[in-house]
Amino acid sequence: MTIRPALFLFAAAAAMSACTPAEAPAPMAPMDTSPPAAVEPVPADPALQLALSARASLMPVGDSGVGGELVFAVENGAVHVTGAFTGLKPGSTHAFHIHEFGNCTAADASSAGGHFNPAAAAHGNRATGGEHHAGDIPNQVADSDGVAAVDQRLEGLQVGGGGELDVIGRGVIVHADADDYTTQPTGNAGGRIACGVIEASTMAPVSPEPAQ
Ligand code: CU
Ligand code: ZN
């Protein structure tokens, strides 16, 4: 009995559509020829192909009290990440990386995986031009209010497109300690104190640079 109303509605809808004059000349509805969705780290949503910016909201890991907001924009072929981390100890220095997975569900944020490293490079310092993970970003320093303003240009990354250098769907991590840029493969940066997921955005950056 529970199926019968649904069947009736289906039949009625089919009858109505059959009697409705077709707006398009094609006599038959085209088959859905799109391939089955592949298992990828980044959703193959066509809308994401057009995304030129992304954002991440960082939440505290445990009781760290550290959070943040980041915007990832494409500028002159590189990714420009801007924003701020909050709730840090005044004057403290913290490692900041893009990690492999946009997954902050683990209590210690270990679910974000290791540093984003599609080129299988060694950990290092992007600022000095040496070998480094794609996700390695220079240390961030908190001001007297415990806020670290983020303003970094990241060569060799992309926003959108779904390629292996796409940051969308990756994680962002702030660590308890500074990155020494040397220790493999983590920079000896200590625990994870804030975690966020990089998501496609069609909104304007929340903290844009002054208009030029
Ligand atoms: Cu990290
Ligand atoms: Zn690294």
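This is a predicted model: local features need pLDDT of at least 70, side-chain atom pairs count only at pLDDT 80 or more; totals for chains, interfaces and linings use all residues.
## The protein as a whole

The protein contains two helices and nine strands, where helices (H or I, at least four residues) and strands (E, at least two) are DSSP runs numbered from the N terminus. Along the sequence these elements are arranged as α-α-β-β-β-β-β-β-β-β-β. Of the 212 residues, 36% count as buried, a term that stands for under 20% relative accessible area, with exposed meaning over 50% and partly exposed in between (1.4 Å probe, protein chains only). Among the contacts with a separation of 6 or more, 60% come from residues 24 or more positions apart, a contact being heavy atoms within 4.5 Å. The accessible surface comes to about 12200 Å², and 61% of that belongs to carbon and sulfur atoms; such areas come from the Shrake-Rupley method with a 1.4 Å probe, and for residues only the protein chains shown count as cover.

## Two metal sites

Donors are N, O and S atoms within 2.8 Å of the metal (3.2 Å for Na, K and Ca), and because water is not among the atoms, sites may look incomplete. The table sets the two sites side by side.

| Metal ion | Protein donors | Distances |
|---|---|---|
| Zinc ion (ligand 2) | His 115 (ND1), His 123 (ND1), His 133 (ND1), Asp 136 (OD) | 1.9 to 2.0 Å |
| Copper ion (ligand 1) | His 97 (ND1), His 99 (NE2), His 175 (NE2) | 1.9 to 2.0 Å |

The angles among the four donor atoms of the zinc ion (ligand 2) run from 103 to 117°, and the site is tetrahedral; four donors count as tetrahedral if all angles lie between 85 and 135 degrees, four count as square planar and six as octahedral if opposite donors are over 155 degrees apart and all others between 65 and 115, and anything else is irregular.

The donor residues of the copper ion (ligand 1) are spaced H-x1-H-x75-H in sequence. Because His 97 lies in strand S4 and His 175 in strand S7 (residues 171-175), this pair ties together parts that are 78 residues apart in sequence. Both His 97 and His 175 are buried.

## Around His 99 and Arg 192

His 99 is found in strand S4 and is buried, with a relative accessible area of 1%. Leaving out residues up to four places away in sequence, His 99 touches several residues, among them His 115, His 175 and Arg 192. A polar atom of its side chain lies 2.8 Å from the backbone oxygen of Gly 113, where a polar contact is a pair of N or O atoms within 3.5 Å; within protein, one must be able to donate a hydrogen and the other to accept it, and residues adjacent in sequence count only if both atoms are side-chain atoms.

Arg 192, in strand S8 (residues 192-197), is partly exposed, with a relative accessible area of 21%. Beyond its neighbours within four places in sequence, Arg 192 is in contact with residues including Val 61, His 99, Asp 108 and His 175. Polar atoms of the Arg 192 side chain lie 3.0 Å from the backbone oxygen of Ala 109 and 3.0 Å from that of Gly 113. The C-alpha atoms of Arg 192 and Ala 109 are separated by 6.5 Å, although the two residues are 83 residues apart along the chain.

## A salt bridge and a loop residue

A search of the whole structure finds one salt bridge, defined as a side-chain nitrogen of Lys or Arg within 4 Å of a carboxyl oxygen of Asp or Glu. The side chains of Arg 153 and Glu 155 meet in it (3.1 Å, N to O). Arg 153 is partly exposed at 39% relative accessible area, and Glu 155 counts as partly exposed at 46%. Gly 156 is found in the loop between strand S6 (148-154) and S7, and its C-alpha atom is separated by 7.9 Å from that of Val 79, 77 residues apart along the chain.

Conventions. Residues are numbered from 1 along each chain as its sequence is written. Chains are lettered from A and ligands numbered from 1 in the order in which they are written. Side-chain values use heavy atoms; hydrogens and water are left out.
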